[in-house]
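Hi,

Here is the structure I promised to pass on.

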Amino acid sequence: MDGDYSQPRCRRCLLSEIDRDGVYKTVLEYLASLDDAVRCGADEYASRLRICRACDRLSDGMCSLCGCFVEVRAAKKMQTCPDLPHRWE
Ligand code: SF4
């Protein structure tokens with residue numbers, strides 16, 4: 001991801017709140033392409049993102065443990081939090 005990283009990193013921010021270099025648009029396009037069989041429900045997705053927002057591992061929309069954009073990782077129902085597998089339940 002290209003970008004101006006001279007700016008302070010945004011801890012506890014989701015990519016949707018940063019929109020650095022338009023990456024979030026690409027993420028949204030990817031999320032829209034997910035099959036319903038893969039995608040978690042809207043309520044569960046929102047719950048997962050609330051948990052990520054409160055997590056010290058979140059930085060610039062990415063999980064510092066796995067390197068995923070949390071908005072992508074949390075969208076797939078079979079995924080788990082890499083720190084605590086039951087954290088999102
Ligand atoms: S995936 Fe887990 S470890 Fe990573 S930011 Fe979210 S809650 Fe934290």
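Burial first: of the 89 residues in the chain, 18% count as buried, where buried means 20 or more other C-beta atoms within 10 Å of the residue's own, exposed means 12 or fewer, partly exposed is in between, and C-beta atoms are placed from the backbone. Bear in mind that this is a predicted model: local features need pLDDT of at least 70, side-chain atom pairs count only at pLDDT 80 or more, and totals for chains, interfaces and linings use all residues. Residues are numbered from 1 along each chain as its sequence is written.

On the fold, the chain has four helices and two strands, in the order α-α-α-β-β-α along the sequence. Those are DSSP runs numbered from the N terminus (helices are H or I with at least four residues, strands are E with at least two). The C-alpha trace spans about 40 × 25 × 20 Å along its principal axes.

Now the ligand. There are 13 residues around it, and Cys-52, Cys-55, Cys-63, Cys-81 and Asp-83 come nearest; a residue is near if its C-beta atom, placed from the backbone, lies within 6 Å. Helix H3 (42-53) and helix H4 (70-73) each give at least two residues to that shell. By class, the shell holds nine nonpolar, no polar and four charged residues (Ala, Val, Leu, Ile, Met, Phe, Trp, Tyr, Cys and Pro are nonpolar, Asp, Glu, Lys and Arg are charged, and the others, Gly among them, are polar).

Two of those cysteines, Cys-52 and Cys-63, also turn up in the largest nonpolar core. That core has ten residues in all, including Leu-14, Leu-58, Met-62 and Phe-69; a core is a set of buried Ala, Val, Leu, Ile, Met, Phe, Trp, Tyr and Cys residues joined through C-beta atoms within 7 Å. Leaving out residues up to four places away in sequence, Cys-52 touches Leu-58, Val-70 and Ala-74 (contact means C-beta atoms, placed from the backbone, within 7 Å).

Arg-12 is not a glycine, yet its phi is positive, near 65°. Arg-12 sits in the segment before helix H1 (15-18) and is exposed, because it has 12 other C-beta atoms within 10 Å. Asp-60, also not a glycine, has a positive phi of about 55°. Asp-60 lies in the loop between strand E1 (58-59) and strand E2 (62-63), and with 20 C-beta neighbours inside 10 Å it counts as buried.

Cheers

Note on methods. Two residues are in contact if their C-beta atoms, placed from the backbone, lie within 7 Å.
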